[in-house]
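Please open the structure in your viewer and keep the sequence panel beside it, as this tour moves from one selection to the next.

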Amino acid sequence: MESISVFEIIKVGIGPSSSHTMGPWNAASAFIRILNRERSVAEVKEVFLEFFGSLAKTGIGHGTDIAGMLGLNGEDFKTIDTTKIDEIVDRIKESQIINLGGEKEIPFVYGHHLVLNMSETLDYHPNGMIFKAVFEDGTELVQDFYSVGGGFIMSQEKKSIEKHCVRTLYPCHHGSDILKYCEKLNLNKISDLILMNEESWRTQEETREEALYIWEQIKECIYKGVNKEGILPGGLNVTRRAAGINRKLLGDKIYKNKDEWFKLVVDAEENFTNINKWISCFALAVNEENASFGRIITAPTNGASGVIPAVLMYSQAFTDAITEDDIARFILVAGEIGTLFKKNATISAAMGGCQAEVGVSSAMAAAGLTEILGGSVGQVLMAAEIAMEHHLGLTCDPIKGLVQIPCIERNTMGAIKAITAANIALESDPAKAKVTLDEVIQTMWETALSMNDRFKETSEGGLAIAVNVAEC
């Protein structure tokens with residue numbers, strides 16, 4: 001089994017969905033690379049993109065079509081000016097021209113060259129898409145891709161696209177592996193084991209730097225979210241709430257940048273109600289940014305991107321765990337727990353419902369928090385198990401396919417559950433636990449396989465059909 005770096009699970013992304021936005025964007029970029037490897041973009045006469053299954057059914061709400069066009073246009077979601085996205089997409093649609101790979105302008109008619117096929121699902125995965133390039137000489141190149149969660153893409157041959165197989169020094173594919181190696185190496189912290197394994201990709205110092213970079217991006221995203229008012233795009237007329245909560249909690253206090261704001265949060269009155277509201281505020285801020293095509297941290301997906309930031313920000317503002325070392329350890333442990341779900345179950349809502357997104361992120365956050373609050377190896381794994389246990393069976397039923405209702409509020413619930421799970425684990429003896437993390441991961445996967453497809457990000461069940469919302 002291939003090892004996965006924690007920074008493939010927790011990484012910089014763009015809203016509103018890792019599976020439906022980042023995945024198709026990555027696939028379009030990969031297709032451009034394939035074209036240049038096999039022939040040349042300069043030889044392409046036309047390009048076609050067809051989305052199937054869940055990608056098609058909730059594609060408009062998730063910006064799947066937008067992601068496909070931007071990826072084909074040679075844009076990079078890690079660097080694109082997010083305020084220019086509408087302008088670029090409108091230009092492509094109005095001019096009916098796309099700058100393929102940023103190298104060659106070719107005709108591109110939305111609805112002809114890009115199609116959302118809502119009546120057909122490809123066999124391998126619900127999030128399927130097919131790219132086709134027609135060359136000037138009449139020959140064609142066709143490639144299928146599948147967005148399997150967290151921005152990861154695969155081909156029908158079940159091989160990750162353009163990824164090199166990495167085997168770490170101490171492979172941890174199950175919770176039992178983590179326990180085994182920590183005991184063998186006499187390690188009291190899971191993060192010490194992960195730090196050693198991450199050397200398969202980079203030095204330990206580079207790993208710490210990447211973790212702190214992620215933390216800075218988290219603070220930046222939350223800061224943007226708590227300072228934006230208005231209505232979220234998409235037609236549901238959902239009002240941003242993070243800014244209002246932030247304003248009420250801080251009163252008349254003035255700040256000029258995110259560092260001054262963060263200090264005010266740390267110095268704010270600490271009582272149960274206020275801390276609870278702050279946790280919700282942090283999560284809402286991130287997911288409101290996500291819903292607006294903002295740059296966020298995918299952890300492990302975009303739909304669940306508010307949980308880990310909220311819990312990590314809580315740990316820094318309201319506990320004694322406030323060092324940079326604590327931040328790095330939190331992110332390392334959270335990311336490693338995410339890899340266990342990725343390898344043994346799924347982090348795709350189209351495959352497993354929202355238990356695969358908010359549920360996994362809650363387990364990740366619970367483990368990270370327990371690690372930096374002094375939990376033992378067993379308690380860290382126990383916290384992750386507790387958090388997931390109480391998300392089992394959670395469906396994915398976004399209204400109008402938008403990552404807004406119930407997704408945004410659901411992140412606040414996932415954050416609170418993570419903190420509760422950590423607190424329970426810290427007061428418990430893992431030796432007396434009746435359920436292991438590996439068992440709950442297996443149960444989650446079995447639940448995913450048994451779940452009706454209507455509740456797997458299709459907008460065909462649950463709240464998505466129970467709430468009557470007029471089409472725009």
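Begin by selecting Ser 459, which lies in the loop between α19 (437-450) and α20 (463-466); helices here are DSSP runs of H or I with at least four residues, strands are runs of E with at least two, and both are numbered from the N terminus. The model is a predicted one, in which local features need pLDDT of at least 70 and side-chain atom pairs count only at pLDDT 80 or more, while totals for chains, interfaces and linings use all residues. Residues are numbered from 1 along each chain as its sequence is written, and side-chain values use heavy atoms, with hydrogens and water left out.

Most residues other than glycine have a negative phi, and most peptide bonds are trans. Ser 459, which is not glycine, has a positive phi near 60°. With a relative accessibility of 17%, Ser 459 counts as buried, where buried means under 20% relative accessible area, exposed means over 50%, and partly exposed is in between, with a 1.4 Å probe and protein chains only.

Next, move to Phe 293, in the loop between α12 (272-290) and β9 (295-298). Phe 293 is not a glycine either, yet its phi is positive, at about 60°, and at 14% relative accessibility this residue is counted as buried.

**Two cis peptide bonds**

Now select Gly 15 together with Pro 16, which are joined by a cis peptide bond with an omega of about 5°. Pro 16 is found in the loop between β1 (11-14) and α2 (18-38). Then go to Ile 405 and Pro 406, where a cis peptide bond, again with omega of about 5°, links the two residues; Pro 406 is in the loop between α17 (377-389) and α18 (407-426).

**A region named in a record**

Colour residues 189-464, where UniProt, in an unreviewed entry, places the feature "domain: Serine dehydratase-like alpha subunit"; the positions are given in the numbering used here, feature names are shortened, and annotations may be inferred rather than shown by experiment. Over residues 189-464 the chain is 61% helix and 1% strand, and the C-alpha atoms at the ends are 43 Å apart.

**Salt bridges**

How many salt bridges does the structure hold? There are 22 salt bridges, each defined as a side-chain nitrogen of Lys or Arg within 4 Å of a carboxyl oxygen of Asp or Glu.

Select Arg 39 and Asp 137, a salt bridge whose closest N and O atoms are 2.9 Å apart. This pair links distant parts of the chain, 98 residues apart, with Arg 39 in the loop between α2 and β2 (44-52) and Asp 137 in the loop between β6 (128-135) and β7 (140-149). Arg 39 is partly exposed, at 29% relative accessibility.

Continue to Glu 87 and Arg 91, whose side chains meet in a salt bridge at 3.8 Å, N to O. These two residues are about one helical turn apart because they are four residues apart in helix α6 (residues 85-95). Glu 87 is partly exposed, with a relative accessible area of 45%, and Arg 91 is partly exposed as well, at 44%.

Then pick Arg 410 and Asp 397, whose salt bridge has its closest N and O atoms 3.8 Å apart. Arg 410 lies in helix α18 and Asp 397 in the loop between α17 and α18, so the pair ties together parts that are 13 residues apart in sequence. Both count as buried, Arg 410 at 15% relative accessibility and Asp 397 at 5%.
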